[in-house]
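Please look over the structure below before reading on. This report takes up a few of its features in turn.

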Amino acid sequence: MNGEPRCAVYPSLREELVLVTGGASGIGAALVEAFAAEGSRVAFLDIDRSNGERLAGDLATRYLHAPAFLACDLTDIAALRAAIAEVEARFATIGVLVNNAGNDARHSIEEVTPEYWDRAMAVNLRHQFFVAQAVIPAMRKAGRGSIINLSSISWIIPSTGMPVYIAAKAAVVGLTRTLAHELGGDNIRVNCVLPGAILTERQKQLWFTDAYREEILRNQALKRMISPAEVARLVLFLAAEDSGAITGQSCVIDGGWV
Ligand SMILES: NC(=O)c1ccc[n+]([C@@H]2O[C@H](COP(=O)([O-])OP(=O)(O)OC[C@H]3O[C@@H](n4cnc5c(N)ncnc54)[C@H](O)[C@@H]3O)[C@@H](O)[C@H]2O)c1
């Protein structure tokens, strides 16, 4: 047993074409690596060119297929459509889409202008719809697909200090449920994942104080931090045929906070 992996391997993900948005860092980077480790062909979009190229370089020879990075600002709908067209032209039909990109910048009620609202919605909600819209025609033709949208527990616990982000993350659940019903007849499943406090580099740098760590551990049933790789394991399951009867669901991964 020694040295053997203790997590599941999903044969249906081998050779699968997987698109991850916001894959250059944080949970997205863990997703890119987790799918690559399954033998998937991974394409990932991110606005952050330097981290995207670094990750693609790091993983280039580690797994069966080198993940492909495409720089793209997902708030620019024309740019995201062009990037997806390029992925489909270079590779094949996208079988799995993970709508992961987001930005949890803190903001007070007072500082939200109409422009701020639109920008925050564009970076946390709007692209999830338009990326899905772009990949659906090929999935329909293929007669299958799995879409996983990243929401958050922030609107349930409830959290404060970022009302527009939290509204967007609640809307992701509604989007997921209606798309699941729209697309179920085409054998395309749509689920969402609601992480709790996940210890990413950005979280460590910006928000992870001793007081916040105490709050997390007080509220969670599990008295340890949850890693990006653990979120990725849940997304692998929802992407794989092993979850073939699961759609329209909200899967919480928060160490037992909600
Ligand atoms: N980390 C957590 O504790 C946590 C908790 C709940 C939900 N989530 C959700 O999980 C997802 C990933 O979160 P994370 O913590 O890894 O975030 P992160 O900030 O570490 O990574 C987000 C990625 O999205 C990219 N991105 C941001 N704006 C973009 C744009 N306009 N175009 C293209 N790419 C863009 C960033 O460059 C970055 O690589 C997000 O949807 C987030 O809301 C995270």
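The notes below cover a pocket, a helix and several salt bridges in this predicted model.

## The second largest pocket

The second largest pocket has a volume of about 170 Å³. Its lining divides into 2 nonpolar, 6 polar and 4 charged residues. Among the lining residues are Ser12, Glu16, Arg144, Asn187, Arg189 and Glu241. Gly95, Gly145 and Gly244 also line the pocket.

## Helix α5

Helix α5 spans residues 163-183, 21 residues in total. From first C-alpha to last, the helix reaches 30 Å, close to the 30 Å expected at 1.5 Å a residue.

The buried residues of α5 include Val164, Ile166, Val172, Leu175, Leu179 and Leu183. Lys169 and Thr176 are buried too. The cover over the buried residues of α5 includes α4 (114-142), β5 (145-150), β6 (188-195) and β7 (250-253).

## Salt bridges

The structure holds 11 salt bridges. One of them joins Glu15 and Arg41, with the closest N and O atoms 3.0 Å apart. This pair links distant parts of the chain, 26 residues apart: Glu15 lies in the segment before β1 (17-21), Arg41 in strand β2. Glu15 is partly exposed at 38% relative accessible area, and Arg41 is partly exposed at 33%.

Arg54 and Asp58 meet in another salt bridge (3.2 Å, N to O). They sit 4 residues apart in helix α2, so about one helical turn separates them.

Arg202 and Asp104 also pair, at 2.9 Å from N to O. Arg202 is in helix α6, and Asp104 is in the loop between β4 and α4, 98 residues apart. Arg202 is partly exposed at 35%, whereas Asp104 is buried at 10%. Salt bridges link Asp104, Arg106 and Arg202 in a network.

How values were computed
Residues are numbered from 1 along each chain as its sequence is written. This is a predicted model: local features need pLDDT of at least 70, side-chain atom pairs count only at pLDDT 80 or more; totals for chains, interfaces and linings use all residues. Side-chain values use heavy atoms; hydrogens and water are left out. On a 1 Å grid over the protein atoms alone, a cavity is a set of points where a 1.4 Å probe fits but cannot get out, and a pocket is an open set with protein on both sides within 12 Å along at least five of seven lines; lining residues have an atom within 4 Å of a point. Grid points are joined across faces, edges and corners, and a volume is the space filled by probe spheres set on the points. Ala, Val, Leu, Ile, Met, Phe, Trp, Tyr, Cys and Pro count as nonpolar, Asp, Glu, Lys and Arg as charged, and the others, Gly among them, as polar. Helices (H or I, at least four residues) and strands (E, at least two) are DSSP runs, numbered from the N terminus. The expected span of a helix is 1.5 Å times one less than its number of residues. Buried means under 20% relative accessible area, exposed over 50%, partly exposed in between (1.4 Å probe, protein chains only). Contact means heavy atoms within 4.5 Å. A salt bridge is a side-chain nitrogen of Lys or Arg within 4 Å of a carboxyl oxygen of Asp or Glu.
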